[in-house]
Amino acid sequence: MEGKKLYFLLIVCVIIIFSGCVISTIVTDREPPEIIISEAGTIDLFTDDMDVNELLKGVTAYDEHDGDVTASLSIVNLIVINDRQSIQVTYAASDKRNNIAQKSTKIKYSGTKDFINISLAENDTTEDNTPAQNDPDTTTEQQDTPVSGENQTTEAQPPTEEGGSGTPVKIDKAAVDATGIPQIELKYTDYTLRKGKEFTTANALNMVNDTYDDSEDVSNRIVINGLEEIDTDTVGDYELSYLVSDKKGNRSEAQKLILHVIE
């Protein structure tokens, strides 16, 4: 009888240890999914009159923990290169923990365009973003303009226009080289969106300006927390937290972006 009790306790211990290992693996999942571009399935030539969704044909995404995540695939950028002979297509995919992967490929092109950025085309906000990216001083002025006295603050002025604003923390490459801890830099600290408009993983990824690590490319190891809380049908402020990690487990300090959903 005593032997049976010990045997039973041993089995229980093994189950508990195994379960703990599984939970630990899931909780610490920092690996982005893999984007697979099938040469046999993708189109051979892209033209101006084609739907950009054609570029998703033959592209899949797989995650070790979540399995097939092809449904999360999106086209982040579409750029015309090589004197209009080719386009560079950049895909993005994410898993349930918002680990994001990016992958680019080149496809032959026949058309007249010089540059196409479709990352926010669905929201028709590309034009709003362009000045913010090219002239950060302008966005700072727009943010500071309502402050006319000591008793006023930028926070007291609700955003009324779509687009990005605020000056984010810049990457300190010297600090990264010295510590080995990667850093991530956003384009804005605040982003304003009209109620009812879509804000996808690709849109969130487009808020990233740069990442840096002393020994490897960490742009494919971005984690965005807070996406699942966003409801663009409800007016309010939503906080997104961005960080990046390297293969050694070093994680950057999280950078915050406030998404303002307005009427």
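How many helices and strands does the protein chain have? The count is 5 helices and 14 strands, where helices (H or I, at least four residues) and strands (E, at least two) are DSSP runs numbered from the N terminus. This is a predicted model, in which local features need pLDDT of at least 70 and side-chain atom pairs count only at pLDDT 80 or more, while totals for chains, interfaces and linings use all residues. Residues are numbered from 1 along each chain as its sequence is written, and side-chain values use heavy atoms, with hydrogens and water left out.

**View 1. The whole chain, for orientation.**
Of the 263 residues in the protein chain, 38% are buried; buried means under 20% relative accessible area, exposed over 50%, and partly exposed in between (1.4 Å probe, protein chains only). The accessible surface comes to about 15,300 Å², and carbon and sulfur atoms hold 50% of it (Shrake-Rupley method with a 1.4 Å probe; for residues, only the protein chains shown count as cover).

**View 2. An open sheet with the order β1-β3-β4.**
The 3 strands pair in the antiparallel sense, and two strands count as paired if DSSP finds at least two bridges between them. At the edges are β1 and β4, each pairing on one side only. Strand β1 (residues 34-37) is joined to β3 by 4 bridges, with Ile-35 opposite Ala-61. On the β4 side (residues 67-68) there are 2 bridges: Tyr-62 is partnered with Asp-68, and Asp-63 stands opposite Gly-67. A hairpin of 3 residues links β3 to β4.

**View 3. The two faces of strand β3.**

**View 4. Ile-171 and its surroundings.**
Ile-171 is in the loop between β8 (163-165) and α4 (173-179). Its relative accessibility is 16%, so Ile-171 counts as buried. Contact here means heavy atoms within 4.5 Å; leaving aside neighbours within four places in sequence, Ile-171 touches Gln-183, Ile-184, Glu-185, Asp-210, Thr-211 and Tyr-212. Tyr-212 is 41 residues away along the chain, yet the two C-alpha atoms are separated by 7.4 Å. The ring of Tyr-212 also has the charged end of Lys-173 sitting over it, 5.1 Å from the ring centre (the rule asks for NZ of Lys or CZ of Arg within 6 Å of the ring centre and within 35 degrees of the ring normal).

**View 5. The largest nonpolar core.**
Nonpolar side chains tend to be buried together in soluble globular proteins. A nonpolar core is a set of buried Ala, Val, Leu, Ile, Met, Phe, Trp, Tyr and Cys residues joined through side-chain atoms within 4.5 Å. The largest one has 25 residues, and those with the most contacts inside it include Tyr-191, Phe-199, Ile-224 and Leu-257. Strand β13 (236-244) is one of the elements giving two or more residues, and β13 gives the most, with 4. Apart from this core lies another of 18 residues, among them Leu-73, Ile-75, Val-80 and Tyr-91.

**View 6. Tyr-188 and Tyr-191, an aromatic pair.**
Rings of Phe, Tyr and Trp (its six-membered ring) pair if their centres lie within 6.5 Å; planes under 30 degrees apart are stacked, over 60 edge-to-face, and the rest tilted. The count by this rule is 1 aromatic pair. Tyr-188 and Tyr-191 form a tilted pair, 5.9 Å centre to centre with 40° between the planes, and both are buried. Leu-257 is in contact with both Tyr-188 and Tyr-191.
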